[in-house]
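Colleague: I am new to this structure. Could we go through it together, please?

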Amino acid sequence: MLIIGGGPGGSAMAMFLIREGIKPIILEQEEFPRFHIGESLTGEAGQVLRRLGFEDEMAKREYPIKHGVKVYGTTGQNSWFVPVSARDKDWNLSLGHTWQVRRSDFDTMMLKEAEKRGATVMRGTATRPLLADDGAVRGVTVRWPDGKSEDIETQIVLDCSGQATFLANQRATGPKYLGNYDKQVAFFSQVTGAVRGSDTSGENAKDNTVIFYAKKFHWSWFIPLDKDVVSVGMVTPNADFLAKKQTPEQFFRNELYDINPELRNRIPEMNLVEKVHVIPNYSYQVRGFCGKGFMCIGDAHRFIDPIFSFGVSVTMREAEFAAPLVREYLEGKRRNGENPFADHQVFCERAIDNLEDMIDLFWEQPFAFATFVYHRYPDELTDAFSSRIYPTERQPSPAIIAFRKLLKRTREYDKDDYSVPIGSRYHPERAAIWEPSSPVGTTEQWMGAPGNFKRDLSQHINKLTIGATRNWSRNVVEWNLASDPFYKPHTDRGGCDRCLGALTLDGDKVTRNPAYYIIAHAAKFVRPGSVRIGSNSDASLPNVAFRTPAGKMVLIVLNDGDGPKVFSIDYKGKSVKGMLNGGAVGTYVF
C-alpha cells in the first residue's frame, strides 16, 4: 500500500487507512518542514482534523481561529461575509470555526503524526509507474536520494502528489486538460504590522480570511498565520507582470495596493518578512483518475482556482471517502471490473463540479453572486464555502442549480463524457472547440518521462502538430526543451519534475528524445509567418498543410495505422506517390 506525497492529503490518507487496519508507506521527495501556500482551512477541513483527533493539538500550537471569509468589492466600501459553519446529523446548521495554518508547521505535524500512528515514511522520488499487462498499476520505480533506483510493487498506488500530478503526467490515467484559469500568476509573501479585525468571533474576528476583489481574475488574499505574521498575496494576469519588466518583489510592492483601496488600510506599511514567491495560477482536470491499482486524490486529479481555499479540504475529504474503498479493494472486492473505483470517481467529480460552478459564477457575475450570498441562498452558500459539496450533502443545492442556469451550463453523469472540462480549450484533444477568431494564442503538450518513442511520436504529432493547427491554433508548444537525467532543472513549487526534455544533457553527452523529432518535423520547415492551407481529412492518414513566407508548400502526414501505406499527394494537377510505415511521420516540401 503506497502513498505518493506526504502533504496533508497523503498524511490524512495514511491515518484514515490505519483506522481501516492498513499500515501504508508514504513516499515523499522533499525534506520537511517545507514552505507551502494554501494556509486557510474550510469548515469541513476543520471537521476532518477533529475526526482525526487534532483539535487539542491545533489549540496547543495556537493556530489562528478562522470564523469566516470576508470579501471586499472593487471600491473597498462594500463587503460580504460567509461564516464557517457545521451541520449535525439532522442537517441543522450552526456556526463554527476552523483554523489558519502555517503550512511548513502544519504539514510536518500531520506527517509526523501519520508516522507515529503506524505509517512508514520513506524519502524518495517516484519516477514512473509499473504497469501490468492489462494496464493496471502495480507499483512505481523510486529514485532514492543517493541516485539509485528501485522498483516497489504494491497492490494499489494512491497519488497524493498534489499539483505534481504524478500518475497523470506519466499517462497512467486518462488525459489531463488545462482549464479556464491558466493565464494568471500569483505573487505572495508575509508581512508584519497588518491591521486585523477587532472581534473574537463573527464577521470582524481578528483571524478571518479577507479577500480583496478588483476585477475578473484580479484579487488579493489576507490570511493570518500567527499573532504577528499575515500571509498576503495577489493574483493578476501574467501579461501584466511581463509588460512591467520588474522583479517579482518590485511588481508585488508596486501593484498590491492597486488591487483594492482597503488593502492600504489593512497593510499601512509593507514590512515583508518572507521573500516574494511567484507561481502560475492554473486549473486542470485529469480524466480517468481512478483505475485498477490506482487512485488520485485531491489536487493530483483536479484543481480549479485557489480564491476560496478549497484545496486542502478537498484532498483530506477525498482521503476520508477513499480509505474504506481501498480496504475493500485489498479484500478482493470490485477487482473484476474495468474501474474498481468508478463510482468514487464520479462522486468526486460531481462535488468539484459544484465547486467549479460556484467559482465560475463568482468571476462571471460577482454582483449576482453577492445577492445570492446575502438574500437568496445564504445557508446553501455557507455549506459550499465550508466545502460541503458532495452528493451525500444535499448537493447540488438550489444555489448551485441557479448558478448553472445563469452560466447556461448543464451537468450530465449518465455517460462517459461526464464533467466535460469547462474552458479546456488549451488542450489539443479539445482543440476542435476553437474558433478562427479565438484570442487564445497557443496549444501545448508535455512529454512524460521516461518517454515511449513510437507512442509519443504518433500521439503528439496527431493531436498537437496536426490536430491543433487544423483547428485554428496559431502556434503549438512542446515542452520542455532540455533537462538532465533527473529531469532538472525545474521550479520547486509546481514545476514539473517528471517532464522529459527534447534533449537530455548529461555532461558532454546529448540524447535526442521524442519531442526533438516531433518539433523538428514542423519547426524546421513551417517557419514563422507560415499559414495553414486546406488539405483533405483522412482518419488513417492525419495531415496538415502550410504555405511558407517563401511560397513553399509543406505537408505533414502521419500513418496512424500499424502497417505501411502508399498514398498520393495531389497539387494543382500534379501528383507524387508517398509511402509511410506504420506509426511513421513524413514532412514533404514542394
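**Core, helix packing and cysteines**

Colleague: Which residues does Met-58 touch, leaving out those up to four places away in sequence?

Modeller: This is a predicted model. In it, Met-58 is in contact with Leu-41, Leu-49, Tyr-63, Trp-99, Val-101, Phe-106 and Met-109, once residues up to four places away in sequence are set aside.

Colleague: And how many residues are in the largest nonpolar core?

Modeller: That core has 106 residues, and those with the most contacts inside it are Met-13, Met-58, Trp-80 and Met-358. Helix H10, residues 342-364, supplies the largest share of it, with 10 residues. Another core of 22 residues lies apart from it, including Val-185, Val-191, Val-210 and Val-276.

Colleague: Turning to helices, at what angle do H14 and H15 pack?

Modeller: Helix H14 (residues 453-470) and helix H15 (residues 514-523) pack at about 40 degrees, and their axes are 9 Å apart. The crossing of H14 past H15 is right-handed.

Colleague: Which residues meet there?

Modeller: From H14 come Phe-453, Asp-456, Leu-457, His-460, Ile-461 and Thr-465, which meet Pro-514, Tyr-517, Ile-518, His-521 and Ala-522 of H15. By type, the contact has 7 nonpolar, 3 polar and 1 charged.

Colleague: How many disulfides are there?

Modeller: The count is 0.

Colleague: What about Cys-296 itself, buried or exposed?

Modeller: Cys-296 is buried, at 0% relative accessible area. Its closest cysteine sulfur, in Cys-290, is 6.8 Å away, also too far for a bond.

Notes. Residues are numbered from 1 along each chain as its sequence is written. This is a predicted model: local features need pLDDT of at least 70, side-chain atom pairs count only at pLDDT 80 or more; totals for chains, interfaces and linings use all residues. Side-chain values use heavy atoms; hydrogens and water are left out. A nonpolar core is a set of buried Ala, Val, Leu, Ile, Met, Phe, Trp, Tyr and Cys residues joined through side-chain atoms within 4.5 Å. Buried means under 20% relative accessible area, exposed over 50%, partly exposed in between (1.4 Å probe, protein chains only). Helices (H or I, at least four residues) and strands (E, at least two) are DSSP runs, numbered from the N terminus. Contact means heavy atoms within 4.5 Å. Axes are lines fitted to C-alpha atoms, for helices over the stretch in contact, and angles run from 0 to 180 degrees between N-to-C directions. A crossing is left-handed if the near helix is turned anticlockwise from the far one by less than a right angle, and right-handed if clockwise. Ala, Val, Leu, Ile, Met, Phe, Trp, Tyr, Cys and Pro count as nonpolar, Asp, Glu, Lys and Arg as charged, and the others, Gly among them, as polar. A disulfide is a pair of cysteine sulfur atoms within 2.5 Å.
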